[in-house]
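Here is a short report on selected features of one protein model. Have the sequence and the 3D view open as you read.

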Amino acid sequence: MTKYVIEGGRKLCGSTKVHGSKNSALPILAACIVCKGKNVIHNCPDLSDIDATCNILKHLGCTVSREGDTVIVDSTEVSENSIPDNLMREMRSSVIFLGAILSRTGEALLSSPGGCEIGLRPIDIHLDGMEKLGAQIVSEYGHIRCSNGGGLKGTKINLSFPSVGATENIMIAAASADGITVITNAAREPEISDLADFLNRGGARIAGAGESTVVIEGVKSLTGAEHTVIPDRIVAASYLSAAAFTGGEIELKSVIPAHLEPVLNVFEESGCRIDVNGRSISLTSPGRLKSVKMIRTMPYPGFPTDIQAPVAAMLTKAKGTSIIVETIFESRYKYIGELMRFGANINVDGRMAVIEGVPMLHGANVVSPDLRGGMALIVAGLGAEGTTVVADDNHICRGYETPEKVLSELNADIKRID
């Protein structure tokens, strides 16, 4: 098990570059299956979830290689249409392969995905979308078999919830379906637009990505493409949380500030000064933060659920009472009990967390419950007095590329021990 050992109480300062978005890279890599030929994906982060995705691509018959932050996927030959349990269980987002495999081979056999247990992520929205496109689905004993029979057909699909994964799966499958597909109540996250840009470079005809209605005009086939993944807005917000919490001053480079607007408003409300200059964001902390009235997680362009935990950690020493309402996942407060080991004062009632700011946190031995909760514990350790040990069962490396190195370069005292 990995452990992060932190000597707290040091202000973060300096500048760092934000790596590519995990939540963009994963569906783009999966979409390489339908973009037949050589695909070159730049700014692809070096994460365990990316490694798991590449292993699935190799199992399916693709040739995959990495050169620095560039991943090259040659999908000329795809020889498999099923993903074994051991590969599916490595990450929750592995269901994103469903639409790609179904479109490319005519049949897909998957088992239930794995990953962090932060709450239910039912895949019925994904399956309903595939059925509306004309797929036949049989689900039993934890396995799902989809076949497209006479081929996928464009149609109108209204999502019951603006699911990011379902929107992506439908876009990938519909890109080479016969006719026009219209998705209403589609997810609007920046990662949706990034996937559409990649598919369009391969010959797809997708319009409206990033809006609530997406129109996909099916084409006969897609070819390999070259694409640069957008920066990771969740990673950027996590490091901003750490800087704010420690009373620091940092600059983040290679970001898209517009993607972070819902989060930047919270930092400003807490008393931080935010300066935006092109593709960089600078944050200056006032020292002790002010509480925020209420944060409610929502689909984009609302406050992202993935940054809820690091921001909660940031607010544990804020002056006053802050309230967070989690509307997306019902089990996303597992880290709260660990934060209280630092001396935080937090009460949870259902989906609401009430944070009473305390003057000081003290280092503690804690266990990371999931990816974002693990980063929240690192944030707490950076701002606590004394030594903190965060035991992590390979959660944090799923979404943050060498966080100990990045934070050390920003003046933190943090070491990773395997």
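## An exposed loop arginine

Arg 89 has a relative accessible area of 57%, so it counts as exposed. The model is a predicted one. Arg 89 sits in a loop.

Now compare sequence with space. Arg 89 and Ala 52 are 37 residues apart along the chain. Their C-alpha atoms are 9.5 Å apart.

Thr 2 belongs to strand E1, which covers residues 2–7. Its relative accessible area is 4%. The cut-off for buried is under 20%, so Thr 2 is buried.

What does the side chain of Thr 2 make a polar contact with? The partner is the side chain of Asp 418, at 2.9 Å.

## Helix H6, mostly covered

Helix H6 spans residues 164–174. Nine of its 11 residues are buried, so the helix is mostly covered. The buried set includes Glu 168, along with Thr 167 and Asn 169. Ala 166, Ile 170, Met 171, Ile 172, Ala 173 and Ala 174 are also buried.

The N-terminal end of H6 is capped by Ser 163. A side-chain oxygen of Ser 163 lies 3.1 Å from the backbone nitrogen of Ala 166.

## H1 against H7

Two packed helices are described by the angle between their axes and the distance between the axes. Helix H1 (residues 22–31) packs with helix H7 (residues 190–201) at an angle of about 30°. Their axes are 9 Å apart. The angle makes H1 roughly parallel to H7. The crossing of H1 past H7 is right-handed.

On the H1 side, the contact uses Asn 23, Ser 24, Pro 27, Ile 28 and Ala 31. On the H7 side, they meet Glu 191, Asp 194, Leu 195, Phe 198 and Leu 199. This contact has six nonpolar, two polar and two charged residues.

## H8 against H10

Helix H8 (residues 233–245) and helix H10 (residues 308–315) cross at roughly 5°. Their axes come within 9 Å. Angles under 35 degrees count as roughly parallel, so H8 and H10 are roughly parallel to each other.

H8 contributes Ser 238, Ser 241, Ala 244 and Phe 245. These meet Pro 310, Val 311, Ala 313 and Met 314 in H10. The residues of the H8 contact with H10 divide into six nonpolar, two polar and no charged.

Definitions and conventions: Residues numbered from 1 in each chain as written. Predicted model: local features only at pLDDT ≥ 70, side-chain atom pairs only at ≥ 80, totals over all residues. Heavy atoms only, no water. Axes fitted to C-alpha atoms, helices over the stretch in contact; angles between N-to-C directions. Helix = DSSP H or I, 4+ residues; strand = E, 2+ residues; numbered from the N terminus. Parallel < 35°, antiparallel > 145°, perpendicular 65-115°, else oblique. Left-handed = near helix turned anticlockwise from the far one by under 90°. Contact = heavy atoms within 4.5 Å. Nonpolar A, V, L, I, M, F, W, Y, C, P; charged D, E, K, R; others polar. Buried < 20%, exposed > 50% of the residue type's maximum accessible area, 1.4 Å probe, protein only. Polar contact = N/O pair within 3.5 Å; in protein donor to acceptor, adjacent residues only side chain to side chain.
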